[in-house]
Amino acid sequence: TKLLTGLIFCSLVLGVSSRSFFSFLGEAFDGARDMWRAYSDMREANYINSDKYFHARGNYDAAKRGPGGAWAAEVISDAREHFQRLTGHGAEDTLADQAANEWGRSGKDPNHFRPAGLPDKY
């Protein structure tokens with residue numbers, strides 16, 4: 001519900017037309033699915049030193065959807081990192097994760113973080 005409330009508020013503040021609002025919503029939904037797919041792939045791969053690659057890939061795929069996808073990727077990434085910080089995850093790892101997130105969202109190739117030997121499936 002917070003996501004929907006935030007989207008409605010943003011559209012009112014920005015004066016977004018209904019057509020572009022629904023486009024934004026679709027991009028956000030698809031971007032969230034991209035993020036989930038990257039997370040699921042990371043869990044399935046269970047490959048050492050691959051987390052930054054999956055962070056970058058999820059954000060990259062989501063951001064390619066458009067402004068809504070980039071927004072969803074940023075919200076999801078920030079929420080995940082804040083949660084990890086609260087649970088005692090290291091600050092250095094959080095900064096490295098956020099750097100990988102921003103790398104992907106900016107359109108840079110996520111393969112920059114791909115560890116040697118990660119199966120081609122991913």
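Reader: Phe54 and Tyr122, are they buried or exposed?
Author: Phe54 and Tyr122 are both buried. Buried means under 20% relative accessible area, exposed means over 50%, and partly exposed is in between, with a 1.4 Å probe and protein chains only.

Reader: Before we go on, what kind of model is this?
Author: This is a predicted model, in which local features need pLDDT of at least 70, side-chain atom pairs count only at pLDDT 80 or more, and totals for chains, interfaces and linings use all residues. Residues are numbered from 1 along each chain as its sequence is written, and side-chain values use heavy atoms, with hydrogens and water left out.

Reader: And pLDDT, what's that?
Author: pLDDT is the predictor's confidence in each residue, from 0 to 100. For this chain the mean is 89, and 85% of the residues reach 70 or more.

Reader: OK, aromatic rings. How many pairs?
Author: The structure holds six aromatic pairs. One of them is Phe21 with Phe22, edge-to-face, at 5.5 Å centre to centre and 65° between the planes. Rings of Phe, Tyr and Trp (its six-membered ring) pair if their centres lie within 6.5 Å; planes under 30 degrees apart count as stacked, over 60 as edge-to-face and the rest as tilted.

Reader: What lies over the face of Tyr53?
Author: Arg114 does, at 5.0 Å from the ring centre. A charge sits over a ring if NZ of Lys or CZ of Arg is within 6 Å of the ring centre and within 35 degrees of the ring normal.

Reader: Switching topic: how many salt bridges are there?
Author: Twelve salt bridges are present. A salt bridge is a side-chain nitrogen of Lys or Arg within 4 Å of a carboxyl oxygen of Asp or Glu.

Reader: What does Asp34 pair with?
Author: Asp34 bridges to Arg65, and the closest N and O atoms are 2.8 Å apart. The two belong to distant parts of the chain: Asp34 is in helix 2 (residues 18-45), and Arg65 is in the loop between helix 3 (51-63) and helix 4 (67-86), 31 residues apart. Asp34 is buried at 2% relative accessible area, whereas Arg65 is partly exposed at 35%.

Reader: And which residue does Asp93 bridge to?
Author: Asp93 forms a salt bridge with Lys52, with the closest N and O atoms 2.8 Å apart. Asp93 is in helix 5 (residues 91-105) and Lys52 in helix 3, 41 residues apart. Asp93 is partly exposed, with a relative accessible area of 26%, and Lys52 is buried at 15%.

Reader: How far apart are the closest atoms of Asp97 and Lys52?
Author: In that salt bridge, the closest N and O atoms are 2.7 Å apart. Asp97 lies in helix 5 and Lys52 in helix 3, so the bridge ties together parts 45 residues apart in sequence. A network of salt bridges links Asp51, Lys52, Arg80, Glu81, Asp93 and Asp97.

Reader: Last one: how much of the chain is buried?
Author: Of the 122 residues, 35% count as buried.

Notes: Helices (H or I, at least four residues) and strands (E, at least two) are DSSP runs, numbered from the N terminus.
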